[in-house]
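Subject: A structure for you to look at

Hi,

Here is the structure I said I would pass on. Have a look at it first, and then read my notes below.

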Amino acid sequence: MSQIIALTNQKGGVGKTTSAVNLAASLAQLGRCVLLVDLDPQGHASMGSGIDKHELDVSVLDVLLGDAKASDVIAQNLPVGFDVLPGNGDLTAAEVELLDSEARKSRLSSALNEVSANYDVVLIDCPPSLNMLTVNALTAANGVLIPLQCEFYALEGLSALLDTVEQIKENINPALSVSGILRTMYDKRTSLTREVDKQLRDFFGDALLKTTIPRNIKVAEAPSHGLPVTHYARFSRGSQAYRVLAKELIRRLTL
Ligand code: ADP
Ligand code: MG
């Protein structure tokens, strides 16, 4: 059975998209069949996977609205080694268009039913808010991966996110659980990092992933080439970290 993992944190700039793209590429390099779903109107996961968000005839919005099948929108045989269900600015309409629709929270879940058996892992890159798109991701997923930066405000807003996860688990999706907390742009030398580390360990215990992703310039440069860092700079520290993360998740979630 395929695992569907939503990368979520309503805070922007914590490394959701970067982690979604690079984890997808690393899992693919380790032989897994991966689908990346871009559910953020910014379309950065699509762009970072080499897909021009401005050139899409159909996107994940059409899938959410029931106007297209996922299998007709998914981009396959890409140089990055994984498939992409792309999104772009059109997704900003989803919030309004889905408002009145029946079963609006489970549109993505229903759409993925058709294709998920083709994949070992489906990763969903979420927008930086707890809106209807994120709710759709959490309804479709069985795991939640929460990227965060070890800064003073790292834990702020997390309780709102965990409450949302809990509500969706209780009301619509009993299979949902937190797969892991991922520390990104990590610098272990600072005392602030050590302090936040301790808070995270106390709060999340075993859910705190062992692998941390260091701040690495190659990771930041890769998207401008439409490539994951694993392809752009294979031997960089960032690339190696995402490979280690992929292995940790393969073990942990039996992917
Ligand atoms: P989010 O999707 O949570 O908004 P992004 O993945 O877009 O966050 O990352 C925010 C910014 O930080 C981007 O400019 C990205 O290139 C940069 N970034 C993310 N991870 C790293 C890293 N490990 N090293 C250096 N820069 C990073
Ligand atoms: Mg993002």
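By class, how many nonpolar, polar and charged residues does the shell around ligand 1 have? There are six nonpolar, nine polar and two charged ones. Before I go on, please keep in mind that this is a predicted model.

**Around the ligand**

Of the 17 residues around ligand 1, the ones that come nearest are Lys16, Thr17, Thr18, Val219 and Ala220. Three elements, α1 (16-29), β6 and α10 (217-221), each supply at least two residues of that shell. Helix α1 gives the most, with three residues.

**The sheet**

Seven strands make it up, it is open, and the order is β3-β2-β4-β1-β5-β6-β7, with parallel pairing. The edges are taken by β3 (83-85) and β7 (208-214); each has a single partner strand, so one side of each has no neighbour in the sheet. On average, neighbouring strands here are turned by 25° against each other, direction ignored.

Now for one pair inside that order. Strand β1 (residues 3-7) pairs with strand β5 (residues 143-149) in the parallel sense, over three bridges. Within this pair, Ile5 stands opposite Gly143 in β5. Helix α7 (residues 132-140) packs on the sheet and touches β1, β4 (121-125) and β5, with its direction at about 150° to that of β1. Another helix, α12 (residues 237-253), lies across β1, β5, β6 (177-186) and β7, and runs at about 165° to β7.

In soluble globular proteins, nonpolar side chains tend to be buried together. In this model, the largest nonpolar core has 77 residues, and those that touch the most other members are Ala24, Val34, Leu36, Leu123, Ile124, Ala137 and Ala141. The largest share of this core comes from α1, with seven residues. So which residues does Ala24 touch, leaving aside those up to four places away in sequence? They are Val34, Leu36, Phe82 and Leu123.

**A glycine in a loop**

Gly43 is in the loop between β2 (34-38) and α2 (44-48). Leu138 is 95 residues from Gly43 along the chain, and the C-alpha atoms of the two are separated by 19 Å.

**Two residues with a positive phi**

Most residues other than glycine have a negative phi. Asn77 is not a glycine, yet its phi is positive, at about 55°. Asn77 is found in the loop between α4 (70-73) and β3. With 6 C-beta neighbours inside 10 Å, Asn77 counts as exposed.

Thr254 is not a glycine either, and has a positive phi of about 45°. You will find Thr254 in the segment after α12. Thr254 has 7 C-beta neighbours inside 10 Å, so it counts as exposed.

That is what I have for now. Write back whenever you like.

Cheers

How values were computed
Residues numbered from 1 in each chain as written. Chains lettered and ligands numbered in written order. Predicted model: local features only at pLDDT ≥ 70, side-chain atom pairs only at ≥ 80, totals over all residues. Helix = DSSP H or I, 4+ residues; strand = E, 2+ residues; numbered from the N terminus. Pairing = 2+ DSSP bridges. Axes fitted to C-alpha atoms, helices over the stretch in contact; angles between N-to-C directions. Contact = placed C-beta atoms within 7 Å. Near = placed C-beta within 6 Å. Nonpolar A, V, L, I, M, F, W, Y, C, P; charged D, E, K, R; others polar. Core = buried A, V, L, I, M, F, W, Y, C linked by C-beta atoms within 7 Å. Buried ≥ 20, exposed ≤ 12 C-beta atoms within 10 Å, placed from the backbone.
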